[in-house]
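These are my notebook entries on a structure that I looked up.

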Amino acid sequence: MNLKMGVIGALIMGAIVWSINSGHGWWPATTAAMKQAAYTLLFGGILIKILDTVAMKVTNKYLAVIIATMVVSTITIVLVYIVHNFKGTPMPFESTLPTIILAPPGFLALAIRKRIKN
């Protein structure tokens, strides 16, 4: 796990989710931001390991990149949505939108980098 990147990602995603929920008050926005930040920090490293494994296991390099990106993006989006549906996030779908938008291209870039390096 890359702790530096985990912390940076947690701060950025937490800030985005805080601003999405800020209209509902300081505490609900902070709760949503903390859930997002914790998820990004704790599960980001695990999911990148899964991405690396899938990207290297599939023989066809193009198919490997596509499958790795789709699998890890889907897991991430579903888990983030579940986390935000627990009590405390005023706008769960809207809080998941940054992940829906940013995760697939980010994971695609990581999968390509992993597959090209090896």
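Is Leu51 buried or exposed? I found Leu51 buried, because its relative accessibility is 0%; buried means under 20% relative accessible area, exposed over 50%, and partly exposed in between, with a 1.4 Å probe and protein chains only.

**Basis.** I note that this is a predicted model, in which local features need pLDDT of at least 70, side-chain atom pairs count only at pLDDT 80 or more, and totals for chains, interfaces and linings use all residues. Residues are numbered from 1 along each chain as its sequence is written, and side-chain values use heavy atoms, with hydrogens and water left out.

**Entry on Leu51.** I placed Leu51 in helix α2; helices (H or I, at least four residues) are DSSP runs, numbered from the N terminus. Thr69 lies 18 residues from Leu51 along the chain, and their C-alpha atoms are separated by 6.9 Å.

**Entry on the nonpolar patch.** I then looked up the nonpolar patch on the surface, which has about 970 Å² of accessible area together and includes Leu42, Phe43, Val78 and Phe86. Patches are made of residues with over 30% relative accessible area and no salt bridge, with like charges joined within 9 Å and nonpolar side chains (Val, Leu, Ile, Met, Phe, Trp, Tyr) within 5 Å. A salt bridge here is a side-chain nitrogen of Lys or Arg within 4 Å of a carboxyl oxygen of Asp or Glu. Accessible areas come from the Shrake-Rupley method with a 1.4 Å probe, and for residues only the protein chains shown count as cover. Two or more residues of the nonpolar patch come from each of α2 (26–57) and α3 (61–85). I recorded α3 as giving the most, with seven residues. Val78 has its place in helix α3 and counts as partly exposed because its relative accessible area is 44%.

**Entry on the largest pocket.** I read a volume of about 890 Å³ for the largest pocket. Of its 29 lining residues, Met5, Gly44, Ile48, Phe107 and Leu110 are the closest to the centre. On a 1 Å grid over the protein atoms alone, a pocket is an open set of points where a 1.4 Å probe fits, with protein on both sides within 12 Å along at least five of seven lines; lining residues have an atom within 4 Å of a point. Grid points are joined across faces, edges and corners, and the volume is the space filled by probe spheres set on the points. I found the largest share of the lining, 11 residues, in α2. By class, the lining has 14 nonpolar, 10 polar and five charged residues; Ala, Val, Leu, Ile, Met, Phe, Trp, Tyr, Cys and Pro count as nonpolar, Asp, Glu, Lys and Arg as charged, and the others, Gly among them, as polar.

**Entry on further residues.** I located Leu108 in helix α4; Leu108 and Ala68 are 40 residues apart in sequence and 8.0 Å apart in space, C-alpha to C-alpha. For Lys61, in helix α3, I noted a C-alpha separation of 8.8 Å from Ile112, 51 residues away along the chain.
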